[in-house]
Amino acid sequence: MANFESDGIQNLAGFDAFKDADEEAGDQSKVHIRVQQRNGRKCITTVQGLADDLDIKRICKAFKKNFQCNGAVTKDSELGEIVQLSGDQRTNVSSFLTEQEICKKAQVVIHGF
């Protein structure tokens with residue numbers, strides 16, 4: 001058997017794959033952005049998982065003004081407050097949330113086709 005450590009190859013030498021992972025990443029909740037098909041070519045974008053201490057109605061108002069679309073805030077017993085926007089606004093919402101520092105880019109999960 002060859003001695004791999006003398007060749008500079010370390011096999012199973014205590015490599016920690018999660019060492020670079022952010023420690024508070026497990027504590028952060030994810031923000032899910034989804035698009036749902038309505039009838040025909042119409043669709044709505046839903047934003048779920050925003051923090052409870054945020055003013056969701058004010059964020060919805062900013063979405064509506066910046067993206068020039070209609071929107072509403074609905075309450076769900078399991079999921080909390082959900083923002084609904086008309087049209088496919090997934091990329092706009094994602095960039096808005098990161099630019100305004102409402103959440104980090106790692107927290108945003110974009111779903112859909």
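**Reading the aromatic cluster and the sheet**

Both Phe-67 and Phe-96 are buried, where buried stands for under 20% relative accessible area with a 1.4 Å probe and protein chains only. This is a predicted model, in which local features need pLDDT of at least 70 and side-chain atom pairs count only at pLDDT 80 or more, while totals for chains, interfaces and linings use all residues. Residues are numbered from 1 along each chain as its sequence is written, and side-chain values use heavy atoms, with hydrogens and water left out.

Trainee: How are the rings of Phe-67 and Phe-96 arranged, stacked or edge-to-face?

Mentor: A pair of aromatic rings is described by the distance of the centres and the angle of the planes. Rings of Phe, Tyr and Trp (its six-membered ring) pair if their centres lie within 6.5 Å, with planes under 30 degrees apart counted as stacked, over 60 as edge-to-face and the rest as tilted. For Phe-67 and Phe-96 the centres are 6.1 Å apart and the planes stand at 85°, so the pair is edge-to-face. Phe-67 lies in helix α1 and Phe-96 in helix α2, so this pair ties together parts that are 29 residues apart in sequence; helices here are DSSP runs of H or I with at least four residues, and strands are runs of E with at least two, numbered from the N terminus.

Trainee: Which residues form the aromatic cluster?

Mentor: Phe-63, Phe-67 and Phe-96 form one cluster.

Trainee: In which order do the five strands of the open sheet stand?

Mentor: Strands of a sheet pair through backbone hydrogen bonds, either parallel or antiparallel. Here the order is β3-β4-β2-β1-β5 with mixed pairing, two strands being paired if DSSP finds at least two bridges between them.

Conventions:
Buried means under 20% relative accessible area, exposed over 50%, partly exposed in between (1.4 Å probe, protein chains only).
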